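Subject: Structure handover, with notes on charged pairs and cores

Dear colleague,

I am passing on the structure below for you to look over. My notes on the charged pairs, the nonpolar cores and the backbone follow it.

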Amino acid sequence: INLTAHLNEDGTWDWDRLASSSRSAIRQLDNLVDITSLPVPEAMRANTQTRALGLGMMGFTDALERLKLSYDSEQAFELIDQLTEHISYHAIDESADLAQELGSYPVFEGSGWSKGVVPIDTIDELAADRNIKVNISRKSRLDWDKLRTKVQKGMRNATLMAIAPTANIGHIAGTTPGLDPQFAQIFSRSTLNGKFLEVNANLVRELKKLDLWESLKDEVFANQGDVQNIDGIPQEIKDVYKTSFQISPYAFIEVAARAQKWVDQAISRNMYLET
């Protein structure tokens with residue numbers, strides 16, 4: 001799911017559209033299970049027995065930039081929390097609806113779903129298993145008790161979400177990959193068709209709004225898109241347009257943890273350490 005496709009121009013979110021996209025994606029992915037042919041028998045058996053899906057998202061940093069939010073801000077942490085919860089809730093609800101229409105996956109009995117367990121419930125299980133406190137917000141916004149009851153009646157899919165890096169399709173869709181921040185504001189990308197110069201359009205647009213682009217663009221290019229040491233750029237712009245190595249690694253962990261609350265499978269993401 002491209003998050004920015006659900007962000008209105010006035011900075012509000014189209015939550016109904018995001019719910020609809022989540023539900024459509026689950027139906028499409030579930031159909032894919034039926035038409036997939038795998039050469040490894042064990043993999044094919046797992047595919048048919050679990051009907052496991054992996055719905056992900058991309059464009060998180062793109063959305064933050066459009067909202068003028070810094071990646072390492074509390075507002076950013078709250079946003080990824082809310083967005084992932086919304087996608088997860090409607091994905092799970094749609095799988096439960098599909099189970100009522102088409103039947104549950106064959107090994108549903110005895111699963112966490114069959115016991116009314118949803119992803120956020122596993123945080124406490126993890127803490128008990130490791131005998132260590134998991135220091136993450138337990139905040140939720142939707143009616144999960146209602147969904148806990150519903151999933152016990154059946155689920156079409158054993159797993160539903162998995163956030164991938166989406167580097168290539170992110171470029172194709174014109175947005176940022178997965179949950180990752182900008183690697184650089186300007187960089188060269190090589191493909192079979194040649195080399196391309198990628199420039200962060202959000203940064204250019206913001207500098208144009210402030211009537212700074214024409215006077216500063218040579219300096220921006222000379223710094224390879226790094227705006228942190230350019231005197232003419234306001235601090236609020238610098239805060240939003242930090243690159244991967246300029247953001248605290250703890251922010252990467254917090255963003256991943258907030259998303260993982262709602263994801264029943266894996267999150268793949270990069271970590272960037274300046275030293």
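Arg-258 is buried, with a relative accessible area of 4%, where buried stands for under 20% relative accessible area, exposed for over 50% and partly exposed for anything in between, computed with a 1.4 Å probe on protein chains only. Please bear in mind that this is a predicted model, in which local features need pLDDT of at least 70 and side-chain atom pairs count only at pLDDT 80 or more, whereas totals for chains, interfaces and linings use all residues. Residues are numbered from 1 along each chain as its sequence is written, and side-chain values use heavy atoms, with hydrogens and water left out.

Arg-258 forms a salt bridge (a side-chain nitrogen of Lys or Arg within 4 Å of a carboxyl oxygen of Asp or Glu) with Asp-81, and the closest N and O atoms of this pair are 3.2 Å apart. The pair links distant parts of the chain, since Arg-258 belongs to helix α11 and Asp-81 to helix α4, 177 residues apart; helices here are DSSP runs of H or I with at least four residues, strands are runs of E with at least two, and both are numbered from the N terminus. Asp-81 is itself buried, at a relative accessible area of 0%. Through shared partners, salt bridges join Glu-74, Glu-78, Asp-81, Glu-85, Lys-139, Arg-141, Glu-254, Arg-258 and Lys-261 into one network.

Glu-74 also pairs with Arg-258 in a salt bridge, with 3.0 Å between the closest N and O atoms. Because Glu-74 lies in helix α4 and Arg-258 in helix α11 (residues 249–260), this pair ties together parts that are 184 residues apart in sequence. Glu-74 is partly exposed, with a relative accessible area of 44%.

The structure holds 28 salt bridges, and another of them joins Lys-68 to Glu-206, whose closest N and O atoms are 3.5 Å apart. Here too the partners come from distant parts of the chain, with Lys-68 in the loop between α3 (60–66) and α4 (74–102) and Glu-206 in helix α8 (residues 201–209), 138 residues apart. Glu-206 is buried, with a relative accessible area of 9%, whereas Lys-68 is partly exposed at 48%.

Lys-68 also deserves a look for its backbone, as its phi is near 60 degrees, a positive value in a residue other than glycine. Arg-51 likewise has a positive phi, of about 50 degrees, although it is not a glycine. Arg-51 is placed in the loop between α2 (41–50) and α3, and at 7% relative accessibility it counts as buried.

Turning to the nonpolar cores (sets of buried Ala, Val, Leu, Ile, Met, Phe, Trp, Tyr and Cys residues joined through side-chain atoms within 4.5 Å), the largest has 54 residues, and those with the most contacts inside it are Phe-60, Trp-113, Met-155 and Leu-179. The elements that give two or more residues to this core are α1 (15–35), α3, α4, α5 (122–130), α6 (144–151) and α11, and α4 gives the most, with 11 residues. Apart from this core lies another, of 14 residues, among them Ile-186, Leu-207, Val-227 and Val-240. Not counting residues up to four places away in sequence, Met-155 is in contact (heavy atoms within 4.5 Å) with residues including Ile-92, Phe-108, Trp-113 and Leu-160.

With best regards
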